[in-house]
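Dear colleague,

I am passing on the structure below, and my notes on its aromatic rings and a few related features follow it.

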Amino acid sequence: MILAACQSDEYIEKIEFNQVYSYKEDDDSQKEASFIKFIDDSHYVARLSGYTPEKSFGDGESYEITFLEGRYKKSNHTIILGEDFKEVRLTFSSQENLEKKIVKSYYERAKSDKEDGGFYSFERGKIRKIDEVLQFELQIVTGDTPPKYTYEWIELKLTDQKLPSSIKEFLSQYHAEKET
């Protein structure tokens with residue numbers, strides 16, 4: 001559900017640490033939800049959305065999981081994400097390897113490696129409480145050349161999804177694919 005920003009803002013006085021929130025951009029069943037967890041007063045982790053394994057492997061492509069840890073700050077009525085972040089992307093060559101947690105490739109980058117603009121969800125952005133509901137300001141690329149961006153507020157929902165508390169903890173779940 002995407003909501004307009006004209007509703008009343010409330011101050012975010014306290015964030016519940018270690019609670020996982022999610023959003024799904026639209027009702028496309030081929031896209032996964034994104035998840036975010038606030039670790040403490042300045043740190044968060046997130047798993048970014050992408051295509052489902054069924055869609056990725058069904059198209060003969062590999063499947064990717066992107067996980068990041070970052071810093072945020074609170075300013076007035078807003079949480080500002082992406083003060084700094086580090087991100088890892090794992091690629092899986094097959095459904096079987098995904099289930100066995102066998103990684104084909106690993107990619108890592110920091111905020112300083114990114115060009116200005118074109119940030120993924122939760123790498124940068126704002127969270128506000130609007131009408132008693134946490135909302136994330138979603139950046140949408142228009143497809144123009146050069147790209148232009150629009151922004152919409154989308155509801156964050158509390159979920160029982162588990163997220164590791166660091167990249168190190170996230171990576172400890174996986175191992176590398178053996179070379180043949």
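Predicted model: local features only at pLDDT ≥ 70, side-chain atom pairs only at ≥ 80, totals over all residues.

Rings of Phe, Tyr and Trp (its six-membered ring) are taken to pair if their centres lie within 6.5 Å, with planes under 30 degrees apart counted as stacked, over 60 as edge-to-face and the rest as tilted. By this rule there are eleven aromatic pairs. In one of them, Phe 38 and Tyr 44, the ring centres are 6.5 Å apart and the planes stand at 50°, so the pair is tilted; both residues are buried (under 20% relative accessible area, with exposed over 50% and partly exposed in between, using a 1.4 Å probe and protein chains only).

Tyr 63 and Phe 92 also form a tilted pair, at 6.3 Å centre to centre and 35° between the planes, and this pair links distant parts of the chain, since Tyr 63 is in strand β6 (residues 63–75) and Phe 92 in strand β7 (residues 78–92), 29 residues apart. Strands here are DSSP runs of E with at least two residues, helices are runs of H or I with at least four, and both are numbered from the N terminus. Tyr 63 has a relative accessible area of 2%, and Phe 92 one of 0%.

Residues are numbered from 1 along each chain as its sequence is written, and side-chain values use heavy atoms, with hydrogens and water left out.
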